[in-house]
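Please read them with the structure open.

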Amino acid sequence: KLLNEYKNKTYNKESLKIISKPFLVLLVLIGIYFGLKGFDIEQEYVGIIDSIFYVLIVIQSAYFITRFVDLLTDWYNKNVALKTESTLDDEFLPLINRVLKIFLYAIVLVVILSHFDQNISALLTAFGVGSLAIALASQEIIANMLAGFIIMVDRPFKIGDKIKLASGETGFVKQIGLRSTKIGMVENDVLLIVSNSELMRSRIQNFGSKRK
């Protein structure tokens, strides 16, 4: 019991370190900004200083939030995911974490551009056209990502399952990623990497989570 309490205290200290440094940097930036307000600064430099600190504070705030999201993800992994029989949350958490960070920094970009009176509509239009061009050029990658998502939800196999591919290879599922699935071969120590779209199109025999 004492050992568990010590581990929890250690974990709490490590957790605080994850968010304390970004938070302190944020407080320092805010403190310096308001501290400069007390000085008699020429009007032509006031706008420049305001803009610089605005950008720094917004970016640092976003970084603090991402570290807080990492903390929540780590807490969920150690306190919830390990206690559940399903591995679905283990596989989806990194994806959700990554998507949230991308979404957050996209918001940061829009907020900063809005501060400098940039035309956000034109930017979003250009971004949409660019995204369409990238999507057309990356159809195979998108197909693999969609297939990976379907595999995680439909669960034709999971990590630890012994499967046999249509080509005859047999192995244990080591990792299910967004783009590909890694399979450890039974015959040797080779790690076979198969694209998710290929797995979705082929017939697979699943022998369950038997171990060698």
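1. Strand pairing comes first. Two strands pair if DSSP finds at least two bridges between them. Helices (H or I, at least four residues) and strands (E, at least two) are DSSP runs, numbered from the N terminus. With that in hand, Ser-180 has Ser-195 in strand 4 as its bridge partner.

2. Ground rules. The model is predicted, so local features need pLDDT of at least 70, side-chain atom pairs count only at pLDDT 80 or more, and totals for chains, interfaces and linings use all residues. Residues are numbered from 1 along each chain as its sequence is written, and side-chain values use heavy atoms, with hydrogens and water left out.

3. Strand 2 (residues 170-176) runs antiparallel to strand 3, with five bridges between them. Gly-171 faces Met-185 of strand 3 across this pairing. The link from strand 2 to strand 3 is a hairpin of three residues. On to strand 4 (residues 191-195): strand 3 pairs with it over five bridges, again antiparallel. Here Gly-184 stands opposite Leu-191. This second hairpin has five residues between strand 3 and strand 4.

4. Cover on strand 3. Is strand 3 mostly covered or mostly open? Strand 3 (residues 180-185) is mostly covered, with five of its six residues buried. The cut-offs: buried is under 20% relative accessible area, exposed is over 50%, and partly exposed is in between (1.4 Å probe, protein chains only). As background, side chains in a regular strand alternate between the two faces of the sheet.

5. Strand 1 (residues 162-164) pairs with strand 5 in the antiparallel sense, over two bridges. Lys-164 has Gln-205 in strand 5 as its bridge partner. There is also a charge-over-ring contact: the charged end of Lys-162 sits over the ring of Phe-207, 5.9 Å from its centre. The test is NZ of Lys or CZ of Arg within 6 Å of the ring centre and within 35 degrees of the ring normal.

6. Aromatic pairs. Rings of Phe, Tyr and Trp (its six-membered ring) pair if their centres lie within 6.5 Å; planes under 30 degrees apart count as stacked, over 60 as edge-to-face and the rest as tilted. The whole structure has three such pairs. One of them is Tyr-33 with Phe-34, edge-to-face at 5.2 Å centre to centre and 75° between the planes. Tyr-33 is buried at 18% relative accessible area, whereas Phe-34 is exposed at 56%. Tyr-33 also pairs with Phe-53, tilted, at 5.9 Å and 45°. That pair links distant parts of the chain: Tyr-33 is in helix 1 (residues 2-36) and Phe-53 in helix 2 (residues 43-79), 20 residues apart. Phe-53 is buried too, at 11%.

7. Salt bridges. The criterion is a side-chain nitrogen of Lys or Arg within 4 Å of a carboxyl oxygen of Asp or Glu. A search of the whole structure returns three. Asp-70 and Arg-67 meet at 3.3 Å, N to O. Both lie in helix 2, three residues apart, about one turn of the helix. Asp-70 is buried at 19%, while Arg-67 is partly exposed at 25%.

8. A link between helices. Which residue of helix 3 bonds to Asp-70? Lys-101 forms that salt bridge, with the closest N and O atoms 2.9 Å apart. Lys-101 lies in helix 3 (residues 88-115) and Asp-70 in helix 2, so the pair ties together parts that are 31 residues apart in sequence. Lys-101 is partly exposed, at 25%.

9. Lys-158 forms a salt bridge with Asp-161, the closest N and O atoms being 3.4 Å apart. Lys-158 is partly exposed at 34%; Asp-161 is buried at 3%. Shared partners join Arg-67, Asp-70 and Lys-101 into one salt-bridge network.
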